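Work through the exercises below with the model open. Try each task before reading its solution.

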Amino acid sequence: MAAHSGVWILAGFFSVVLLAACEPVRIEADVGEDVLLPCFVKCRDAVSLSNPTVNWQWSGSSEVVNSYYHGKNHPEHQCGQYKGRTEFSSQGLSDGNASLLLKNVTPADFRNYTCHASLYENSPQTLQIVLLMQKKTQGANVPTDAYVRGEHKKLLRILSICVPLSALVILVVGSFIGYCWYKKKTMKSKEGDEEAA
């Protein structure tokens, strides 16, 4: 029974991670504006972690936009182009709000961002992808549908690797747990036979 519940926990974790990564939230802004990049974690009857972590990064990259852990922001980990331009408040964490304020948007800011948030006990890390796009105004350098499709294709390529890899991990871990359970059961059976003889 324990082996099966472990497999289902892993399957649920990977399903949540993959579903969260499927479709980005689209946010529009103009150059020079401040914009809120949303990240909300469902927290129904959940116990808050004493040390929540929230990490905002470029999607598919290790470039850090903002990092919050041990009760404070860590600008020393930030990519240079974001220094002094992000604002993260821990006040909303108890309500599941891990949103990030990006100030004075630049043309280089129009891209996909990923929010990695661990806020609650016994809950997998939440991944939220946000696509920041330039508002469609006359004469603006707006990301075209081809750009958006290109970003979406990158995401689909990542998912085409993650889904089979996740299935393989679930299969291997489930097989290992099942094998251990089987060995334990057969050893108990042999011990019982030896005591009976």
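## Exercise 1: Overall picture

The accessible surface of the protein comes to about 12200 Å², and carbon and sulfur atoms account for 59% of that area. Keep in mind that this is a predicted model.

**Task.** Determine how many helices and strands the protein has, and in which order they follow each other.

**Solution.** 
- Step 1. Count the elements: there are two helices and nine strands.
- Step 2. Read along the sequence. The pattern is α-β-β-β-β-β-β-β-β-β-α.
- Step 3. Of the 197 residues, 36% count as buried.
- Step 4. Check contact range. Take contacts between residues at least 6 apart in sequence; 62% of them join residues at least 24 apart.

## Exercise 2: A serine in a strand

**Task.** Decide whether Ser67 is buried or exposed, and find which side chain it meets in a polar contact.

**Solution.** 
- Step 1. Locate the residue. Ser67 belongs to strand E4, residues 64-69.
- Step 2. Compare with the cut-off. Buried means under 20% relative accessible area. Ser67 has 8% relative accessibility, so Ser67 counts as buried.
- Step 3. List its contacts, leaving aside neighbours within four places in sequence. They are Val54, Asn55, Lys72, Asn73 and His74.
- Step 4. Pick out the polar one. The side chains of Ser67 and Asn55 are joined by a polar contact of 3.2 Å.

## Exercise 3: The aromatic cluster

**Task.** Which rings are linked into a cluster by ring pairs? Classify the pairs that involve Tyr82 with Trp58 and with Tyr113.

**Solution.** 
- Step 1. Search the whole structure. Three aromatic pairs turn up.
- Step 2. Take Tyr82 and Tyr113. With centres 6.3 Å apart and planes at 80°, this pair is edge-to-face because the angle is over 60 degrees.
- Step 3. Tyr113 is in strand E8 (residues 112-120), and the pair with Tyr82 links distant parts of the chain, 31 residues apart.
- Step 4. Check burial. Trp58 and Tyr82 are buried, and Tyr113 is buried too.
- Step 5. Trp58, Tyr82 and Tyr113 form the cluster.

## Exercise 4: A charge over a ring

**Task.** Find what sits over the ring of Trp58.

**Solution.** 
- Step 1. Inspect the ring of Trp58. The charged end of Arg111 sits over this ring.
- Step 2. Read the distance. The charged end of Arg111 is 3.7 Å from the ring centre.

Methods: Residues are numbered from 1 along each chain as its sequence is written. This is a predicted model: local features need pLDDT of at least 70, side-chain atom pairs count only at pLDDT 80 or more; totals for chains, interfaces and linings use all residues. Side-chain values use heavy atoms; hydrogens and water are left out. Helices (H or I, at least four residues) and strands (E, at least two) are DSSP runs, numbered from the N terminus. Buried means under 20% relative accessible area, exposed over 50%, partly exposed in between (1.4 Å probe, protein chains only). Contact means heavy atoms within 4.5 Å. Accessible areas come from the Shrake-Rupley method with a 1.4 Å probe; for residues, only the protein chains shown count as cover. A polar contact is a pair of N or O atoms within 3.5 Å; within protein, one must be able to donate a hydrogen and the other to accept it, and residues adjacent in sequence count only if both atoms are side-chain atoms. Rings of Phe, Tyr and Trp (its six-membered ring) pair if their centres lie within 6.5 Å; planes under 30 degrees apart count as stacked, over 60 as edge-to-face and the rest as tilted. A charge sits over a ring if NZ of Lys or CZ of Arg is within 6 Å of the ring centre and within 35 degrees of the ring normal.
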